[in-house]
Amino acid sequence: MSRRFFGGSGSARYQRLSKSDDGFVDMQFEKPPSKIPYKAIALATALFAVGTLLISIGALLLTGHISSEYADRTWPLLILGALMFIPGSYHVMIAYYAYKGYEGYSFEDIPDFD
């Protein structure tokens, strides 16, 4: 059955509600699929990679495998590498677990920059 409403050009379809209707629809309890924040995951991956590189170079400087003339750069490299590595690895881990579908992890846990 189709009727026009308010004299507009649109039409709406009406259905009779069942007598046992409690006012809820199953779809209202379904969670819509979350968007994958590709930019945030790319930034987290870059932070993880650069942080790992800086920590590695700092560790080589600290142990003396790289010339001691650059020893004054050891602690800044280690600190900066740790500041980049920690959030990068955390968000890459969340993205991986969300991709694999582990319980309790979703792409909504990663901040989006759009």
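Student: Where is Ser-106 placed?

Tutor: Ser-106 sits in the segment after H2. Helices here are DSSP runs of H or I with at least four residues, strands are runs of E with at least two, and both are numbered from the N terminus.

Student: What makes Ser-106 buried or exposed?

Tutor: Buried means under 20% relative accessible area, exposed means over 50%, and partly exposed is in between, with a 1.4 Å probe and protein chains only. Ser-106 has 19%, so Ser-106 is called buried.

Student: Which residues is Ser-106 in contact with, leaving aside neighbours within four places in sequence?

Tutor: Ile-94 and Ala-98. Contact means heavy atoms within 4.5 Å.

Student: And what kind of model is this?

Tutor: A predicted model, where local features need pLDDT of at least 70, side-chain atom pairs count only at pLDDT 80 or more, and totals for chains, interfaces and linings use all residues. Residues are numbered from 1 along each chain as its sequence is written, and side-chain values use heavy atoms, with hydrogens and water left out.

Student: Back to that segment after H2: why is Gly-104 called buried or exposed?

Tutor: Gly-104, also in the segment after H2, has a relative accessible area of 65%, so Gly-104 is exposed. Gly-104 and Ile-94 are 10 residues apart in sequence, and their C-alpha atoms are 9.8 Å apart.

Student: What makes up the largest nonpolar core?

Tutor: Six names: Ala-40, Ile-94, Ala-95, Ala-98, Phe-107 and Ile-110. Helix H2, residues 74-100, gives the largest share, 3 residues. To count as a nonpolar core, a set must hold buried Ala, Val, Leu, Ile, Met, Phe, Trp, Tyr and Cys residues joined through side-chain atoms within 4.5 Å. As for Ile-110, contacts beyond four places in sequence include Ala-40, Ile-94 and Ala-95, along with Pro-37, Ile-41 and His-91.

Student: How do you know whether Thr-74 is buried or exposed?

Tutor: Thr-74, in helix H2, has a relative accessible area of 3%, so Thr-74 goes down as buried. Not counting residues up to four places away, Thr-74 touches Gly-58, Leu-61 and Leu-62.

Student: How do H1 and H2 cross?

Tutor: The axes of H1, residues 38-63, and H2 come within 6 Å and cross at roughly 145 degrees. Axes are lines fitted to C-alpha atoms, for helices over the stretch in contact, and angles run from 0 to 180 degrees between N-to-C directions. By class, the contact of H1 with H2 has 20 nonpolar, 9 polar and no charged residues. Nonpolar covers Ala, Val, Leu, Ile, Met, Phe, Trp, Tyr, Cys and Pro; charged covers Asp, Glu, Lys and Arg; the others, Gly among them, are polar.

Student: Which residues does UniProt list as "transmembrane region"?

Tutor: The unreviewed UniProt entry lists 40-63 and 75-99. Those positions are in the numbering used here, feature names are shortened, and annotations may be inferred rather than shown by experiment. In the model, residues 40-63 are 100% helix, with end C-alpha atoms 34 Å apart. Residues 75-99 are 100% helix as well, with end C-alpha atoms 35 Å apart.
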